[in-house]
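The stops below are meant to be selected one after another.

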Amino acid sequence: MHHSQILHQLKQCIKLQFPIQGKKLHAHVIKSGLDLHGPFYPNTLINMYAKCGHLQDAVQLFDEMPERDLASWASILTAYNQANLPKHTLLLFSKMFSLHGFQPDHFILASLVKACASLAALRSGLQLHTQFIVSSFSDDDVVKSSLVDFYAKCGLPDKASSVFESIVSKNVVSWTSLIYGYAKMGRKSKVVELLHDMPCKNMHSWTAVISGFVQGGHCVDSFRLFNELRRDGVAIEEPFVLSSLIVGSASLAMLELGKQFHLLVIGLGYESSVYVSNALIDMYAKCSDISSAEKTFGSIKTRDIVSWTSIIVGMAQHGQAKEALSLYDEMTSAGLKPNEVTFTGLIYACSHVGLVEKGRNLFKSMVTDYGLKPSLQHYTCLADLYSRSGHLEEAENILKSMPFKPDEAAWASLLSSCSQGGKEKTGVRIANHLLQLGPQEPSTCILMSNIYARAAMWENVPKVRKLLANMETKKNPGYSCVDLGKENEIFYAGETTHPMKDEIFRLLKELDREMQKRGYVPNVSLVLHDMEQQEKERQLFWHSERVAVAYGLLKSAPGTCIRIIKNLRVCGDCHTVLKLICSIVSREIVVRDATRFHHFKDGACSCGDFW
DNA sequence: ATAGGGTTAG
């Protein structure tokens, strides 16, 4: 074989994603005595391995090269980008820069900007932009296009636009990057304008706009745009866009819509896309339909680490800790390596069933067996495990000795265990610390106030109340949304204007009488405002989750599960009430609150009363 | 020979 033929075939391997064939060509080059280190071969081979996902082979070739030119460096940087290791890309570059004093060319600059874009590393990207402007490649359109993408991903679409304007020949790639940036920031009129002005559109562009809307939390806009596409008869040639839409239905907990997207996936024949299936698992879990999540997981032919992690995390969040842990054993037996995300789910599972030893061992295993670096979230999760199981000292030690500064969430989780377990002294110490820190979350303030009230430190209660009052003016009001399949109904806390309010009131009154027979006493310590006892009870009575449950009981088919989505965390009193209601009416109630899921069934909750 | 856009889990 002539070497131009070999080069051609290597390119074919990249295009068709045939690493095995590529490896054969590599072997052929060595066996036939062709000069492996001659012109073109090593860089093309590195590129082939990189693009086919064989990072290790690319790195090995690179390390064995006697001479490296700028193209070799560009190829290996691409390999790290391709393997989704943008941090390595930047790290390797800084090494190359200090060791060899290289000036990056336009190829290398484009790879580096891409790495910054996927990390949303604003500072490094700005530095590269400066370096690019003063370099001799400063008119290169491809680097400019990657800078547009970088600014768009950093949430600065106007900066992206000014770079975009400087591009000499604008193409579908640069247009797509720009429009993604505006979609992500929810700048709808700008998106519409750009869609109109764009001379060239393809599936990439549509996917970019829709995923931009979803990633920026403008899910409804993404659904609307997709409807328009379908109306216009645009063919969905690839499944990419469906994953984004499924993520959108998950984040709004719109189960019916998610199911419709699932049907569309089947109809279009994209069931075999792992990306789509993984998004579906997560969607069903986030919409509280954990059994459909399991079914979807079961139907995947080749599961990857994201599939396993999604179902493990889903099970853990729904209180099925044992199942989550046994899925982990199955996963490792199948030869898959867990990553950071898997371990968050696993430790979370342990903390919900009080498996202290198991959690401790998993944390150790993550470091020693898999060489993973625990993040702040891992430490917080581990501390949570200790404090929930009554090991407050160990929990506090972790927060104090870990290589991160504990944030408000970390202290708040510890504080919540103090109020549950009657550890007053520790609680007061942590509350004082939080007071100095200046809490940002209303839920933290409520915990603090309760601790101070219980310790009779009345001088501190007004301080916390004042903080809370300042927050509540800017925070969203609490609401609960009950999912009745074809329709949803949303209730705000204290709302008394609903057309069915009399029926709802009657039902809640009736339930209240039955609850009191079973020993229920309203826990007013969780209501903070200054008011008389009766007024406090009335306020609790109209908490949005109760109203939503009552409405759900009135409107839904008998025996069905009632699903509630809430924007804040469930309050302690409502939690008690829902446990009672579910057994009084013999119905399952599932509440997705701001942080977790509560499955109320037979008088108990899947969260084990810790949240 | 080497560079730029859209998809999944905490």
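Two strands count as paired if DSSP finds at least two bridges between them. Helices (H or I, at least four residues) and strands (E, at least two) are DSSP runs, numbered from the N terminus. This is a predicted model, in which local features need pLDDT of at least 70 and side-chain atom pairs count only at pLDDT 80 or more, while totals for chains, interfaces and linings use all residues. Residues are numbered from 1 along each chain as its sequence is written, chains are lettered from A and ligands numbered from 1 in the order in which they are written, and side-chain values use heavy atoms, with hydrogens and water left out.

**Stop 1: the domains**

Colour chain A by its three ranges: domain 1 (321-406), domain 2 (418-474) and domain 3 (479-605). These bounds come from an automatic or database domain assignment. The centres of domain 1 and domain 3, taken over C-alpha atoms, are separated by 33 Å.

**Stop 2: the cores**

Select Ile76 and Phe226, the residues with the most contacts inside the largest nonpolar core, which has 142 residues. Domain 1 (321-406) and domain 2 (418-474) both contribute residues to this core, so it lies between them. A nonpolar core is a set of buried Ala, Val, Leu, Ile, Met, Phe, Trp, Tyr and Cys residues joined through side-chain atoms within 4.5 Å. Buried means under 20% relative accessible area, exposed over 50%, and partly exposed in between (1.4 Å probe, protein chains only).

Which residues is Ile76 in contact with, leaving aside its neighbours within four places in sequence? Show Ile46, Ala58, Val59, Phe62 and Leu92; contact here means heavy atoms within 4.5 Å. Another core, of 33 residues, lies apart from the largest one; Met500, Ala548, Tyr551 and Leu578 are among its members.

**Stop 3: helix α27**

Select residues 442-454, helix α27. The expected span of a helix is 1.5 Å times one less than its number of residues. For the 13 residues of α27 this should give 18 Å, and the end C-alpha atoms are 18 Å apart, which agrees. Buried residues in α27 include Pro442, Cys445, Met448 and Tyr452. Just after α27, Ala456 takes a positive phi of about 55 degrees.

**Stop 4: the sheet, from β2 to β3**

Display the open sheet of 6 strands, ordered β2-β1-β3-β4-β5-β6, with mixed pairing. Its edge strands are β2 (488-492) and β6 (604-605), each of which pairs on one side only.

Move to strand β1 (residues 479-483), where 4 of the 5 residues are buried. β1 pairs with β2 in the antiparallel sense over 5 bridges, and Cys481 stands opposite Ile490 in β2. In the hairpin of these two strands, with 4 residues between them, Gly485 has a positive phi near 80 degrees. β1 is also antiparallel to β3, over 4 bridges; here Asp483 stands opposite Arg563 in β3.

**Stop 5**

Select strand β4 (residues 589-592). Which of its residues are buried on one side, and which on the other? Ile589 and Val591 are buried on one side, Val590 and Arg592 on the other, and both faces of β4 are covered. In a regular strand the side chains alternate between the two faces of the sheet.

Strand β3 (residues 562-566) runs parallel to β4 and is joined to β4 by 4 bridges. Ile564 stands opposite Val591 in β4. The chain passes from β3 through helix α32 (residues 572-584) to β4, a right-handed β-α-β crossover. Right-handed means that, with the strands pointing away from the viewer, the path from the first strand over the helix to the second runs clockwise.

On to strand β5 (residues 597-601), which pairs with β4 in the antiparallel sense over 4 bridges. Ile589 stands opposite Phe600 in β5, and a hairpin joins the two strands through 4 residues.

**Stop 6: two loop residues**

Finish in the loops. Ser586 lies between α32 and β4 and has a positive phi of about 50 degrees although it is not a glycine. Its relative accessible area is 61%, so Ser586 is exposed. Asp602 is in the loop between β5 and β6; its phi is near 50 degrees, again a positive value in a residue other than glycine. Asp602 counts as exposed, at 68% relative accessibility.
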